Amino acid sequence: MTTPVFGIPAGHVTDPAAYFQRTEAVLGHRFRLDTIVASSRERVLFRAHDRTLKRQVSLRVNFFVGDEIRTWFLREAEALAQLDHPAIRHVYDAGTIGDLAFRVGNWIDGEGLDEAVKRGPRLIPAVHGLARDLLSALDHAHACGIILRRIAPSSLLIGFSGHGTVTDARFSSWTLPAVPSDVVPTDQAYMAPEVRTGGVGDPASDIYTAGAILYLAATGLEPPLDTAGVRRPTEIRPTISRAMERVILRALRPAPGDRYMNAVEMLEDFASDAGTFETPAVLPGTLRPGDNEDKARWEKRLRRALGDDYELLSSLGAGGFGRVYRVRDLHLEREVALKVLHPLLTRDPEVVERFRREAQLAARLNHLNIVNIYDIGGRAGLIWYTMELINGPSVAQLVERDGPLPLDRTLRLLREALSALSHAHGSGLVHRDIKPENMLIERDGGLRITDFGLALALRGQGKFGGATSQSGTPQFASPEQLLGERVDQRTDLYSLGAVAFFALLGYPPFRGATPEQVLALQTLNDPPSLTGARGDVSEEMEQVLRRALSPEPSGRFPSAAEFLQALNRATRVPAPGDRGTDWEWAKAASRWLRFPPP
Ligand SMILES: Nc1ncnc2c1ncn2[C@@H]1O[C@H](COP(=O)(O)OP(=O)(O)O)[C@@H](O)[C@H]1O
Ligand SMILES: [Mg+2]
């Protein structure tokens, strides 16, 4: 996490040691000072620990430099104290002791919006979430008679779950009478024009502020001071939803009367058009396995949580949602695989609930080619489930090491996968994340599919819902998934078709780096020629696999069973007992086992 720094004015020499000492002397008996997170000449923000209530707090301290600044500081504390909303920082306490004034608020783990957008614009669903947080906070403030007038991006904290919290009321209408006359607010792009010139403003002024903040979050750019000629958000970033663009642009109109009247009106207009865009539980890319120290800490925590139930044996791999370990079930005395969800995911009770529901559904599946789920458990803030341990590589690992698979191997893989999918679809469960990493090969060469239904549970139904693999590439997702449309069993058939190309060619059929690129290739290009690439694939078989990759679901096979029939018709079904190169295959798989990947 980066520590937000709230604009240390250039030229001021800040002396953290002195800040610590002075504050410690006055408040040390009540708070343990942990770190300075922001400072300027006369005010400092500490992360501190309340010794009595045993909780982390934010401790804002003002050193006396003059009556005006002191009055302003206390007045701002008052303003925040009028408000009681989850998206506004709470003030627990404030006071003056000697030459030091302070206020105590809740601690928020996160970073300023300015820091967050340095990495690029926020994910679209996160912008939607921010709109909801911000507008509901503004509505609350307005109901309390307070106009915020300005929200500096650095003071809008973004927590790990993506939620936003307003922490500053420095220029609010409540505080305004106490703002020293020579103070010029920074971040004027986030103030309505009528407020920049000193007006108190009204709810429509805060609508402008909300529009400016959302413009920044969605595009990564600060809106110009004169928004009459503002660039349209979709011009900067085509994936911004039309609803979001429309709402932002209306909020940024120079004349207050052209904007929304109040936050509720803006929120309703947005919500009625935005659909049910779920905020992803976590941003892709933030769950990569960290450095060794991180991993060691994490394993220690897991070991503690597993207690006497499971013994941690070794790591099997890490994916987008957590890590998979080989563990020993100490009650049943057998080895199982245990997938522990990343703690960032399990902070959201809704995600945990959805995860439990999907795990229950997946646990009902009983099929030779589907990895059995044994149990779901959790302790000490961690959630995991246990499943059958598969002692074999994934199709991704096999192809990476040995290149394209033999034809009969691929056919066996497809037949078993289609049999598994037919069973799951019959039970109403769509996998949604069929990809080579989720297809494990047993010692005897048999296929075992993992992660049924979990993509939906963990990533929600939002755009690209459950459609990106561990590496963040969506190359096995169906077009309708990438478009964020409703998916059904035919999505799995598409993904399996892509896996077939991957197995036969050694690379996926559409190799784009981003969901947008993959989508463009899927809908505009033909898949690469299989018969051209290898002599053992028949025209008939190629036709079948191409049909699986029809961009329109209606162009594909309607069911796994029909896909399987067509595949069997197009290829010779081996007579019972004719294991052919299966034997070779089993040997290859066991070679793999002796030389596991590093
Ligand atoms: N039941 C299992 N038995 C053995 N290995 C497994 C099992 N489930 C998953 N794995 C291994 O753990 C790795 C990480 O899995 P996962 O977290 O689902 O990420 P991904 O599927 O994106 O690779 C997989 O690539 C696979 O090699
Ligand atoms: Mg997986």
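Helices α14 and α21 cross with a left-handed sense. The model on screen is predicted. Select residues 407-426 for α14 and residues 560-570 for α21. Their axes lie 8 Å apart, at an angle of about 160 degrees. Angles over 145 degrees count as roughly antiparallel, so α14 is roughly antiparallel to α21.

Now show the side chains of the contact. From α14, pick Leu414, Arg415, Leu418, Ser419, Leu421, Ser422 and His425. From α21, pick Ala560, Ala561, Phe563, Leu564 and Leu567. Colour them by type: the contact of α14 with α21 has 8 nonpolar, 3 polar and 1 charged residues.

Next stop: the sheet. Which order do its strands take? Trace β9-β10-β11-β13-β12, an open sheet of 5 strands with antiparallel pairing. Select 310-318 for β9 and 373-379 for β12; these stand at the edges. Each has a single partner strand, so one side of each has no neighbour in the sheet. Look along the sheet for the twist, which averages 30 degrees from one strand to the next.

Zoom in on residues 322-329, strand β10, and residues 334-341, strand β11. The two pair in the antiparallel sense over 8 bridges.

Note on methods:
Residues are numbered from 1 along each chain as its sequence is written. Chains are lettered from A and ligands numbered from 1 in the order in which they are written. This is a predicted model: local features need pLDDT of at least 70, side-chain atom pairs count only at pLDDT 80 or more; totals for chains, interfaces and linings use all residues. Axes are lines fitted to C-alpha atoms, for helices over the stretch in contact, and angles run from 0 to 180 degrees between N-to-C directions. Helices (H or I, at least four residues) and strands (E, at least two) are DSSP runs, numbered from the N terminus. Angles under 35 degrees count as roughly parallel, over 145 as roughly antiparallel, 65 to 115 as roughly perpendicular and the rest as oblique. A crossing is left-handed if the near helix is turned anticlockwise from the far one by less than a right angle, and right-handed if clockwise. Two residues are in contact if their C-beta atoms, placed from the backbone, lie within 7 Å. Ala, Val, Leu, Ile, Met, Phe, Trp, Tyr, Cys and Pro count as nonpolar, Asp, Glu, Lys and Arg as charged, and the others, Gly among them, as polar. Two strands pair if DSSP finds at least two bridges between them.
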